[in-house]
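This report describes the structure shown below.

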Amino acid sequence: MDLKDIKAIIDLMKKNSITEFEMEKEGFKIRLKRGVNGTLTVTPTEDGQAMAYPIQSSAPVAALMPASLQASPPVVSSEIEITSPMVGTFYRAPSPESAPYVDVGADLNSETVVCIIEAMKVMNEIKSEVKGVISQVLAENGKPVEFGQPLFKVRPA
Amino acid sequence: MFEKILVANRGEIAVRIIRACKELDIRTVAVYSEVDANSMHVQLADEAICIGKGPSAESYLRIDRIVSAAEITDVDAIHPGYGFLAENAHFADVCENCNIRFIGPSSRAMNALENKAVSRVLAKKANVPPPPGSDGVVEDEQEALATAKKVGYPVMIKAIAGGGGKGMRMAHNDISLRKEYYLTRNEAEKAFGNSGVYIEKFIENSHHVEFQILGDNRGKIIHLGERDCSIQRRNQKVVEETPSPLLENKFRDLRKKMGKAAIRIAEVAQYTNAGTVEFIVDDKGQFYFLEVNKRIQVEHPITEEVTGVDLVQQQILIAMGDELRIGDIQFRGHAIECRINAEDPFDDFRPCPGRIEMYYPPGGRGIRVDSHVYAGYTVPSNYDSMLGKLIAYGKDRREAMDKMSRALGEFMITGIKTTIPFEQAILQDPNFRRGVYTTAFVEQLLGGARRELIEDRA
């Protein structure tokens, strides 16, 4: 089960007004519960901690999931984030056939183009503006992003 | 039917629009600046998109980011509220070019009433003259002096691109005119990006009476009665009411005349959607055209209470292409509105942004509160100081005033200073209670009364 599946389940729950969903398979168990006021409680059995998130925000659900479900490295406090300077759609590569501009481990200087944000049919190349190495890709390819939304985590040089 | 609307505004009007949408079963998208992340309109909307940093120029005025937010959330229409981009014809054009309906007048109508100077000319064409003054923009000091000589002092120098009572100064003689002319032009350039000004005779003992209009896309235009907004402090409205005591008690035949004049002006401008035609009435019952506000206004609730018409919903229905179906408007009762601001009336109305500790709004029969604030909310310093509007409705003026006084007494907001004590003093003032007041009312009240008097009445 990966993040896409969980997000798809959450969307289905919302669409069909389902408040509780529980699933167990291959040593992995998850329980999702929608609160009356629109909060979502996620209870993965791994760390047994229930966390509630408001689902009003339009930020991709990926950003709301606890770190243990993302199968990503733990947060390092000295890392900085590259945030979106505009509102639009996030693309990791110049075209659907090309390779992404950058990936985890890529070296950045301030002029490195890290992604495209498409706004009103204009493709805007977004520059890194920081020196370092990409440690995490936070935004999802092809998904909308808002102003200030974290796109990448960078270990500064 | 629209399925989704983006609200390109904030504060109480964004909440108002979201409410209208919810009742029509239309989903909503809020846009917000970083400092508005905890604002009520963000909580109430179905989706929310952050569009920039606190300053309006970096967020609520960013046409590119707002339209981009509208595209990624796939909305059918945008409601611009009031202020910000509500009367920006370029914004309306960009929306339409991106296949997003703009809930407001067409850009043609906006251009016909593009600025106050142009509107004055249009009004003359519609046989509704403005106060005597310059024909259009006053290009230089010589022209200013000549105009003032022609109409007689005192005169008002007004920015053509001004709005919300801002960008106007008065001159009593040639010497002050020279000074105020340049000051107004400089301020206008900074505040509105347009230094054009016109000059108009200052009407003494005047009353500000405006008419609400609605026009559909088929050319049908109606008016929904007047609002008396003479209670102003430095050209900012404080208390509004309908019907106007002046028209009710002194000049009964004016309502019909002014209503017709308002419709005539709207027809010449080929106006669509909601708008307000503002007039100045002097003590002899002579009325003059002031300007047209091409948007929903702050004080729209009092018209809603006495007519039973939801103006914001009408805006949405008109934008969807519906024809005006409200027919014969019935006027019942009396409604008063007080604008509650985060300002200290005892310290020259200094704005007091800050954290609201306790918030208890009034209730009961005939009381309506249109507000976005709550206990624990921090009023940001980047925007206007309005916390909300308190509206009282009664079967007649006496009952509306009694309810308003009661409601003001119950309204508890702690942690910041508010104008509630000031409004309580207004409601207790004998001239206000008699319904006899002009646009000089607030100045007289504040000038004459000592602090203790206001505190006493509060």
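Strands are DSSP runs of E with at least two residues, helices are runs of H or I with at least four residues, and both are numbered from the N terminus. Two strands count as paired if DSSP finds at least two bridges between them. Within this pair, Ile367(B) has Ala392(B) in E21(B) as its bridge partner.

Both strands belong to an open sheet of eight strands in chain B, with the order E13-E12-E9-E10-E11-E14-E21-E19 and antiparallel pairing. From one strand to the next, the twist averages 25°. Helix H14 (residues 420–428) of chain B lies across strands E10 (221–233), E11 (236–242) and E14 (334–341) of chain B, and runs at about 45° to E11(B). Such angles run from 0 to 180 degrees between N-to-C directions, with axes fitted as lines to C-alpha atoms, for helices over the stretch in contact.

## Conventions of the model

Residues are numbered from 1 along each chain as its sequence is written, while chains are lettered from A and ligands numbered from 1 in the order in which they are written. Because the model is predicted, local features need pLDDT of at least 70 and side-chain atom pairs count only at pLDDT 80 or more, whereas totals for chains, interfaces and linings use all residues.

## A buried residue in chain B

Ile213(B) is found in strand E9 (residues 207–215) of chain B. Ile213(B) is buried, with 22 other C-beta atoms within 10 Å. A residue is called buried if 20 or more other C-beta atoms lie within 10 Å of its own, exposed if 12 or fewer, and partly exposed in between, with C-beta atoms placed from the backbone.

Contact here requires C-beta atoms, placed from the backbone, to lie within 7 Å. Ile213(B) and Arg65(B) are 148 residues apart in sequence and 31 Å apart in space, C-alpha to C-alpha.

Strand E1 (residues 4–7) of chain B runs parallel to strand E2(B), and four bridges join them. Val7(B) stands opposite Ala30(B) in E2(B). Between E1(B) and E2(B) the chain crosses through helix H1 (residues 11–23) of chain B, in a right-handed β-α-β crossover; right-handed means that, with the strands pointing away from the viewer, the path from the first strand over the helix to the second runs clockwise. Strand E2 (residues 27–33) of chain B is mostly covered, with six of its seven residues buried. E2(B) is also parallel to strand E3 (residues 47–52) of chain B, to which five bridges join it, and Val29(B) has Glu47(B) as its bridge partner in E3(B).

An automatic or database domain assignment divides chain B into domain 1 (4–103), domain 2 (132–201) and domain 3 (207–457). The centres of domain 1 and domain 3 of chain B, taken over C-alpha atoms, are separated by 24 Å. Their contact takes 24 residues from domain 1 and 23 residues from domain 3 of chain B. On the domain 1 side, H1(B) gives the most, with seven residues.

Chain A has two helices and twelve strands, and buried residues make up 22% of its 157 residues. An open sheet of four strands in chain A has the order E9-E8-E6-E11, with antiparallel pairing. Strands E9 (122–127) and E11 (144–145) of chain A stand at the edges, each with a single partner strand, so one side of each is left without a neighbour in the sheet. Strand E6 (residues 88–91) and strand E8 (residues 113–119) of chain A pair in the antiparallel sense over three bridges, and Thr89(A) stands opposite Glu118(A) in E8(A).

Helix H3 (residues 63–72) of chain B lies across E6, E8 and E11 of chain A and runs at about 70° to E6(A). In total, 16 residues of chain B are in contact with 13 residues of chain A. H3(B) gives the most to the side of chain B that touches chain A, with seven residues.

How values were computed
Contact = placed C-beta atoms within 7 Å.
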